[in-house]
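Have the structure open as you read, and take the points one at a time.

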Amino acid sequence: MNKPMDMGNFSEGHGAAAIFERYRRDDSPKPPQWNAVLDLMLAHRSHRAYLPKKLPEGALETIIAAAQSASTSSNLQVWSVVAVEDQARKDRLADLAGGQQHIRDCAVFLVWVADLGRLEKLGQERGREAAALPFLELFLTGAIDAALAAQNAVNALESLGLGCCYIGAIRNKPEEVTKELNLPPKVFAVFGMTVGWPDPSANAGVKPRLGQAAVLHREQYAWGEAQREAVETLDAKFRDFQKEQGLPEQGWIRQVLSRVRGPDAMSGRHRLKDALRALGFDLS
Ligand SMILES: Cc1cc2nc3c(=O)[nH]c(=O)nc-3n(C[C@H](O)[C@H](O)[C@H](O)COP(=O)(O)O)c2cc1C
């Protein structure tokens, strides 16, 4: 049975401040108690600037043990991760993922893959049918498993003082990424993750989120005034955040609507279905 964590020095007041920082709203929730896990999770921020310093011995393997401790659908364990440390390979992957500098600069670039190839191989070796593997359901299972594992890894690496940033742009050019990482059929790079020692001078901030009225629905989904207010408030709070971070002050609404405006905003990912089919995912 899980035991509640030692409260240590983590007071509820400290917790309330951490939750306030996440929402920047006076009606932010007040925690019944606070602990190191909540403190770590609420302090999450993506890091895109790293010190030129390797991970300590055993850190990667510890992080992966945490990743493997996540739940996995039917215990299928249909995910894997490729850890890239070679500078030339990181550079090539950066080129394939929109030229993002932090992929070049991180200590290790993790590529999280939906891995149905392992079960396909097992089926072939054992002479057993694995006819469910080509279905969209199994692809989704692999993608979900990879995401759950990766987020456990995020919590683990942040608890070690490391920082990270997910890289969805690894899906910009799936065929080339597959070739670079020697991925077999039915193994797909769902997202990457830069990992390293955050550069403290970059001053990455805690990014405000939508108020809970937008995301927490009780009994039935509601698109009403409360959700609208949460969106409008985040727009203003996000503008403040952008100002603090020295970013263009465009607010949240404009930024997210620009991201979903159409195929031209998808950095090549609008052709994902074709790429997946070419890589052995039938998606029946
Ligand atoms: C699946 C996924 C893909 C992402 N892809 C990228 C990316 O390619 N480049 C990047 O700089 N950030 C990327 N991010 C980071 C998000 O922009 C970031 O998580 C979001 O803005 C919230 O900021 P925070 O993580 O600091 O709270 C990605 C995040 C997720 C979850």
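1. Let's begin at the ligand, where a side-chain N or O atom of K207 lies 2.6 Å from a ligand oxygen atom. For S46, a polar side-chain atom is 2.6 Å from an oxygen atom of the ligand, and for H44 a side-chain N or O atom is 2.7 Å from one. A polar contact here is a pair of N or O atoms within 3.5 Å. The protein buries 68% of the 620 Å² that the ligand exposes when taken alone (accessible areas by the Shrake-Rupley method with a 1.4 Å probe).

2. A word on the model: it is predicted, with local features needing pLDDT of at least 70 and side-chain atom pairs pLDDT 80 or more, while totals for chains, interfaces and linings use all residues. Residues are numbered from 1 along each chain as its sequence is written, and side-chain values use heavy atoms, without hydrogens or water.

3. Which residues are closest to the ligand? They are H44, S46, R48, G168 and K207, among 13 residues that surround the ligand (a heavy atom within 4 Å).

4. Now the helices (DSSP runs of H or I, at least four residues, numbered from the N terminus). The axes of α4 (residues 87-96) and α8 (residues 174-181) come within 10 Å and cross at roughly 170° (lines fitted to C-alpha atoms over the stretch in contact, with angles from 0 to 180 degrees between N-to-C directions). That makes α4 roughly antiparallel to α8 (over 145 degrees).

5. In this pair, R89, R92, L93 and L96 of α4 meet E176, V177, E180 and L181 of α8 (heavy atoms within 4.5 Å).

6. Helices α10 (residues 225-244) and α11 (residues 251-259) have axes that come within 5 Å and cross at roughly 95°. They are therefore roughly perpendicular to each other (65 to 115 degrees).

Notes. Helices (H or I, at least four residues) and strands (E, at least two) are DSSP runs, numbered from the N terminus. Angles under 35 degrees count as roughly parallel, over 145 as roughly antiparallel, 65 to 115 as roughly perpendicular and the rest as oblique. A polar contact is a pair of N or O atoms within 3.5 Å; within protein, one must be able to donate a hydrogen and the other to accept it, and residues adjacent in sequence count only if both atoms are side-chain atoms.
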